[in-house]
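The sequence and structure are shown below.

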Amino acid sequence: MKVAVTGAGGLLAHALRPALEGAGHTVLALGRNDADVTRLEALVRALQGFRPDWVAHLAAFTRVDECEARPDHAFLVNALGARNAALASLACGAGLLSISTDYVFDGAATEPYREFAATGPRSVYGASKWAGEQAVREIQPRHLIVRSAWLYGPGGTNFVDTILAKARAGEPLRVVDDQRGTPTYTHDLAAGLVRLLGAGQLGTFHCTNTGDCSWYDLAAHATRRAGLEPALERTDTASFPRPARRPAYSVLNTQWFERATGAPLPPWPDAVDRYVDAVAGARRA
């Protein structure tokens with residue numbers, strides 16, 4: 001299978017490209033300089049020469065707080081970019097895998113969100129990603145929309161790396177304990193996406209590691225696994241104001257993904273352990 005990947009310089013692409021290649025697929029990696037997803041003609045030209053079976057649309061503006069200050073840019077990249085990916089993939093006869101987010105929900109739930117649950121984004125980032133989802137559904141019949149959450153892994157800025165760096169520097173840590181979600185290792189998500197592409201499925205799926213925790217729980221687990229003992233303090237969202245509102249609860253129900261692919265992703269503590277161990281090994285090398 002031939003797969004074109006937009007957003008090739010991003011966090012998830014860093015894991016997805018080798019996962020696809022490891023499964024025997026041919027990959028065309030498209031960074032912004034190769035094909036700006038906000039420019040339809042450029043994206044179509046990049047894809048037509050490759051003639052992919054699938055386009056994995058990973059390009060996004062993910063700096064959540066910055067989206068609040070730059071809403072036009074957020075919608076340009078996240079909504080128009082997804083629309084262009086849908087049009088370009090349709091034009092070259094490919095299916096479209098588009099990555100979305102837990103931020104499309106309002107965070108008021110008390111049990112994991114299903115794919116068909118009512119959305120209600122409370123941030124510009126969430127609203128722009130929801131608009132992108134709608135565009136994909138309207139334009140490209142052969143689509144997979146995959147929502148994930150709390151991504152971390154090599155190749156980009158992420159919460160786990162930030163916490164470990166601050167802990168190693170001896171900085172005191174205050175981490176919110178009233179937001180719950182599922183930390184998702186990009187290595188595991190990439191493997192799950194490859195399985196989903198191979199399963200012949202279409203539609204919307206939730207894909208995260210299993211289980212849930214707070215940001216405080218994640219910080220405590222990661223630092224403990226790394227053998228660090230920082231001064232770690234619980235705080236709440238009200239005491240840690242940010243420009244963009246975060247969902248208080250954004251756990252995603254992944255049963256549809258599990259049934260489609262035959263297995264869930266590993267539990268989040270196991271995934272964090274593997275990542276922290278990999279980071280430690282890289283530091284020693």
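At what angle do α1 and α7 pack, and how far apart are their axes? In this predicted model, the two helices pack at an angle of about 50°, and their axes are 8 Å apart. Angles under 35 degrees count as roughly parallel and those of 65 to 115 as roughly perpendicular, the remainder between these ranges being oblique; α1 is therefore oblique to α7. The crossing of α1 past α7 is right-handed. The residues that make the contact are tabulated here.

| Helix | Residues in the α1–α7 contact |
|---|---|
| α1 | Leu 11, Leu 12, Ala 15, Leu 16, Ala 19, Leu 20 |
| α7 | Thr 186, His 187, Leu 189, Ala 190, Leu 193, Val 194, Leu 197 |

**The buried side of α1**

Helix α1 spans residues 11-22, and its buried residues are Leu 11, Leu 12, Ala 13, Ala 15, Leu 16 and Leu 20. These residues lie on the same side of α1 because they cover an arc of only 165° around the axis. Their cover includes the strands β1 (2-6), β2 (26-30), β3 (54-57), β4 (95-101) and β6 (151-152), together with α7 (186-198). After α1 comes Gly 24, which has a positive phi near 95°.

**The nonpolar cores**

The largest nonpolar core comprises 26 residues, and Val 5, Leu 16, Leu 20, Leu 58, Leu 97 and Leu 193 have the most contacts inside it. At least two residues of this core come from each of β1, α1, β3, β4, β5 (143-148), α7 and α9 (255-261). The greatest contribution is that of α7, with six residues. Another core, of 24 residues, lies apart from this one; Tyr 152, Ala 167, Leu 173 and Val 176 are among its members.

Val 5 illustrates the contacts of a residue in the largest core. Beyond its neighbours within four places in sequence, Val 5 is in contact with Ala 13, Leu 20, Val 27, Leu 28, Ala 29, Leu 30, Ala 56 and Leu 58.

**Ala 219 in α8**

Ala 219 belongs to helix α8, residues 215-225. Is Ala 219 buried or exposed? Its relative accessibility is 1%, so Ala 219 counts as buried, the cut-off being under 20%. When residues up to four places away in sequence are not counted, Ala 219 touches Phe 159, Ile 163, Val 175 and Leu 232. Ala 219 and Leu 164 are separated by 55 residues in sequence, while their C-alpha atoms are 8.2 Å apart in space.

Technical notes: Residues numbered from 1 in each chain as written. Predicted model: local features only at pLDDT ≥ 70, side-chain atom pairs only at ≥ 80, totals over all residues. Heavy atoms only, no water. Buried < 20%, exposed > 50% of the residue type's maximum accessible area, 1.4 Å probe, protein only. Helix = DSSP H or I, 4+ residues; strand = E, 2+ residues; numbered from the N terminus. Arc of directions from axis to C-beta. Contact = heavy atoms within 4.5 Å. Core = buried A, V, L, I, M, F, W, Y, C linked by side-chain atoms within 4.5 Å. Axes fitted to C-alpha atoms, helices over the stretch in contact; angles between N-to-C directions. Parallel < 35°, antiparallel > 145°, perpendicular 65-115°, else oblique. Left-handed = near helix turned anticlockwise from the far one by under 90°.
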